[in-house]
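Thanks for coming, everyone. Please look at the model on the screen while I talk. I'll go through it piece by piece.

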Amino acid sequence: MAGIVLEHVMKTYGSLYAVNDVSFTVNDGEFVALVGPSGCGKTTTLNLIAGLLPMSGGDISIGDRVVNDLDPKDRDIAMVFQNYALYPQKSVYKNLAFPLQMRKLPKAEIDRKVQDAAKLLDITHLLERKPRELSGGQQQRVALGRALVRDPAVFLMDEPLSNLDAKLRVQMRSEIKRFHHNLNATVVYVTHDQLEAVTMADKMAVMNGGLLQQYDSPANVFAHPVNTFVASFVGSPAMSLIPLEVVSKGTEASLRSPEEGWELPLSAFNARKANASSNGKVVLGARHSTLKLHKAAAPGAVPGKVYTVEPTGDVTFAQVFISGAVVNISLDPSVLIAPDEKVWVEFDQDRMHLFDGASTMALQ
Ligand code: ATP
């Protein structure tokens, strides 16, 4: 196995920066998810690591080699795609054996590798079937097997679960995680699904507009998003973001709603952050589970109006309009509220986030 280093990697198409000065290091044996909305540059980044596209600038190393000028076949990688790319006419056995036959390995060694991979992925009983005789999840396992038999330094996976139904996705998610754990493999995994990234990866690279926004463990990205984009992309329901004005009073400060005029006094810690804002404006961020709903005015609570109420069984999600922004709140199902009801929402000063109103970066 091997680590991967990207240094100032660029890919341009005319004036479009598909990948813009992206640098990060994947340690040996790490599972890294490239995540972000459609068009953010995830697949392009993966294809640059694979060598399927020429770079416009920067360096990529795999293991201890700079691979900038190496063909994909010489990079010691295996790719798993969303469409599986299996040979329809060949049996599962032959699909797995084919990359090894191309490498002219002895027959006995090919057989051993195929049987080992089939055992690891629990597809031994499917070896004589054709791909069309397999379910989506089984086909995906064969695609993983075909990557596995090659014993690559690095696995590159591009949305491998996106053709599966929701239930199978969750199941295959755990299987890929176990696959990674058993092999201690280095994996770079592209997904637009932040939940997939959060649940599977050691680290996530959150991208937007070709730029790497944040590269850290899912726990750190969730707890300390660097800007409002990351804050709203990671977590479900998303972190709520409310643009507000800072009213400074020496070292103290409160936040004022430009729409509704109310003021929310800040703790000393948050006041120091708010006072550092570059233009007297901040975006207040709060996760649904940190908010408390009141049916009457309460200290530290600001007024809002209920928009929707969604019971899900053990938790009810409500959306509340506060100062023109939609705020997600999770509630105990015993709390009964109705659309259009006036409520008051209390923020947890220890768990709120403050972002600069101009740059959108987290205030320190
Ligand atoms: P998705 O989740 O939709 O697959 P992505 O994050 O993987 O999106 P990329 O496929 O990496 O995004 O594309 C990044 C940007 O580069 C997009 O704006 C895309 O339109 C552009 N792009 C990709 N390939 C080409 C190409 N061959 N020519 C021109 N622009 C391209």
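Start at leucine 34. Its bridge partner in β8 is valine 190. Keep in mind that this is a predicted model. Now look at leucine 34 again, in the direction of β9. There it stands opposite alanine 205.

So how is β3 joined to these two strands? β3 covers residues 31–35. Five bridges join β3 to β8, residues 186–191, and the two run parallel. Four bridges join β3 to β9, residues 203–208, and this pair is parallel too.

Is β3 buried or exposed? It is mostly covered: five of its five residues are buried. Phe31, Ala33 and Val35 point one way. Val32 and Leu34 point the other way. On both faces, these residues are buried.

Four strands form an open sheet, in the order β2-β1-β4-β5, with antiparallel pairing. Why do β2 and β5 each have a side without a neighbour in the sheet? β2, residues 16–26, and β5, residues 65–66, stand at the edges, and each has a single partner strand, so one side is left without a neighbour. At the β5 end, two bridges join it to β4, residues 57–62, and the two run antiparallel. Serine 61 stands opposite valine 66 in β5.

What packs on this sheet? Helix α1 does, residues 42–50. It touches β1, β2 and β4. Its direction makes about 60° with that of β2.

Now move along the chain to another sheet. Five strands form an open sheet, in the order β13-β12-β11-β14-β20, again with antiparallel pairing. Which strands are at the edges? They are β13, residues 263–265, and β20, residues 353–356, and each pairs on one side only. Neighbouring strands in this sheet are turned by 40° against each other on average, direction ignored.

Four bridges join β20 to β14, residues 281–286, and they run antiparallel. Valine 283 stands opposite phenylalanine 355 in β20. Helix α9, residues 268–275, lies across β11, β12, β14 and β20. It runs at about 75° to β12.

Now zoom out. The domain assignment gives domain 1 as 4–227 and domain 2 as 240–356. How many Å separate their centres? The answer is 40 Å, taken over C-alpha atoms.

Last, the whole chain. It has nine helices and 20 strands. Its C-alpha atoms fill a box of roughly 75 × 45 × 35 Å along the principal axes. Of the 364 residues, 40% count as buried. And take the contacts between residues at least 6 apart in sequence: 65% of them join residues at least 24 apart.

Key: Residues are numbered from 1 along each chain as its sequence is written. This is a predicted model: local features need pLDDT of at least 70, side-chain atom pairs count only at pLDDT 80 or more; totals for chains, interfaces and linings use all residues. Two strands pair if DSSP finds at least two bridges between them. Two residues are in contact if their C-beta atoms, placed from the backbone, lie within 7 Å. Axes are lines fitted to C-alpha atoms, for helices over the stretch in contact, and angles run from 0 to 180 degrees between N-to-C directions. Domain bounds come from an automatic or database domain assignment. A residue is buried if 20 or more other C-beta atoms lie within 10 Å of its own, exposed if 12 or fewer, and partly exposed in between; C-beta atoms are placed from the backbone.
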